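Student: I have a new model on my screen and would like to work through it with you, question by question.

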Amino acid sequence: MLKKIFYIFLLFISIKTYGQRSNSSPYSLFGIGQQYSSQTVEQASMGGVGVSFASSYHINFLNPAAIANLRFTTYSVGLNVNDLTIKDDAGSQKSTSTSISYLNIGFPVGKNAGVAFGLKPNTSVGYSLLNVTNDANGDPFEATRFYGSGGTNKIYGAFGIGIAKNLSLGLEAEYVFGKTENNIISQKVNVQLGTKNNEVTTIRGTGLKLGLLYEKEFSNKVQMNFGAAIKLENNLSTNGSEHLYSASLQQDGFETPRDTLYSASISGDIKNPLKTTLGLGFGKRNKWYAAVDYEFQNALNIQGSLLTNSSSYAYASSNRVSIGGFYIPKVNSISSYWERVTYRGGVRFEDTGLLVNGANAGGFTKVKDFGISFGLGLPLKDLSNLNLGVEYGKKGTTVNNLIQENYFNFKLSLSLNAVGNLAWFRKRKID
């Protein structure tokens, strides 16, 4: 029955997301797109905390060492609906996008180890911007449209093992792949032909993450957890082509290419420095949990001819502070379903590391992100859960001719746990 529910859910989100952009943020214009947070819906609903928390029936994306605590085969799939309001000095506009957040499976290996693997989005490009230049009389003189699409995904595999009574270690490997397309179209008034610059880029690379988790339970049943995850420095190779040509542009969006003005191959490397996440949490098992996470990384380093020809953006060091937790009134309540529900909440403060020069006057402005989130874990049969989460936040600013994003994210995930005949690697008795 659980498998049927899982497949129906997959079909539903596939229909919902087919043909829709997974991102509408203007900030996805820069680099290879806007970075996705590697979090489950459960973790995102607590402000992003989770590197110090382990569960026997939830997969942990933040710390591979927590996979050692898995005791049930777990299937998980997530969906995100983003309602975005974009503001600048001239006004505001709204957009909505839908995306699949992840597809994963995890299962125990023996008594003190676990394995998980799956597919997750890594970055996303999805923007459309229009800039109109006026002449001395205030009349439109030239219109330039910027638009892009694509992004990268990653396939990952994680392994966690308990090496001592309270200590677990973990390892996660990933392969990143994808393609992005960026376009600039310019058209002047009373000029028959416009120009279009088209850039298509293929991205490939691998990554490795190490994890550590220490758990200590005191005599009053209060548990202290410390977690650390270190993603090692890795490179993403980028290769593509750039074409500049004249074209006959139609109001309905169609174009007829004419003369090629410039064509070349482009390549480069994106060096992602070491990323460290530390977390400390306290709680009682199946009752409550409160934690704080801190993540930091030095600036991305872009080398080669790709992505370096712009003076409008740069990268600096990034950091994130998350505070959150959950509360379960009575996990084994028979009289009240709502007493078995998991109530989650949290807050997040983030410096994305992206610097944007919106005024093109040599001054860069930091792009910061703030979010507050809440969620519910609705219990289903056999430890399975339907998880709902909402997040409201603000990213960027209108200072220095930048754009401010006010966003509302609705998150949904299904975490199915195979118990009994559905469990993998369970020894079966022969009568």
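**Contacts, strands, salt bridges and a pocket**

Student: What share of the contacts with a separation of 6 or more in the protein chain comes from residues 24 or more positions apart?
Tutor: Contact means heavy atoms within 4.5 Å. Among contacts in the protein chain with a separation of 6 or more, the share from residues 24 or more positions apart is 66%.

Student: How many helices and strands does the protein chain have?
Tutor: This is a predicted model, in which local features need pLDDT of at least 70 and side-chain atom pairs count only at pLDDT 80 or more, while totals for chains, interfaces and linings use all residues. Residues are numbered from 1 along each chain as its sequence is written, and side-chain values use heavy atoms, leaving out hydrogens and water. Helices (H or I, at least four residues) and strands (E, at least two) are DSSP runs numbered from the N terminus. On that basis the protein chain has two helices and 19 strands.

Student: Which strand pairs with β12 over ten bridges?
Tutor: Strands count as paired if DSSP finds at least two bridges between them. β12 (residues 288–297) has an antiparallel partner at residues 318–327, where Glu 295 stands opposite Arg 320. That partner is β15.

Student: And which residue in β16 is the bridge partner of Gly 325?
Tutor: β15 is also joined to β16 (residues 342–356), in the antiparallel sense, by nine bridges. In β16, Gly 325 has as its bridge partner Gly 345.

Student: How many bridges join β9 to β10?
Tutor: β9 (residues 234–249) runs antiparallel to β7 (residues 194–217), with twelve bridges, and Thr 202 stands opposite Asn 239 in β9. β9 is antiparallel to β10 (residues 255–272) too, and Gly 240 has Ile 266 in β10 as its bridge partner. The bridges joining β9 to β10 number 15.

Student: Is Ser 246 buried or exposed?
Tutor: Ser 246 is found in strand β9. Leaving aside neighbours within four places in sequence, Ser 246 is in contact with residues including Leu 193, Thr 195, Pro 257 and Leu 261. Buried means under 20% relative accessible area, exposed over 50% and partly exposed in between, with a 1.4 Å probe and protein chains only. At 9% relative accessibility, Ser 246 is buried.

Student: How many residues apart in sequence are the parts that Lys 231 and Glu 174 tie together?
Tutor: A salt bridge is a side-chain nitrogen of Lys or Arg within 4 Å of a carboxyl oxygen of Asp or Glu, and a search of the whole structure finds seven. In the one between Lys 231 and Glu 174, the closest N and O atoms are 2.7 Å apart. Lys 231 lies in β8 (residues 223–231) and Glu 174 in β6 (residues 167–188), so the parts tied together are apart in sequence by 57 residues.

Student: How much space lies in the second largest pocket?
Tutor: On a 1 Å grid over the protein atoms alone, a pocket is an open set of points with protein on both sides within 12 Å along at least five of seven lines, and lining residues have an atom within 4 Å of a point. Grid points are joined across faces, edges and corners, and a volume is the space filled by probe spheres set on the points. The lining has 35 residues, with Phe 53, Ser 55, Tyr 57, His 58 and Asn 286 nearest the centre. The space in the second largest pocket is about 720 Å³.

Key: 1 Å grid on protein atoms, 1.4 Å probe; cavity = no way out; pocket = protein on both sides within 12 Å on 5 of 7 lines; lining within 4 Å.
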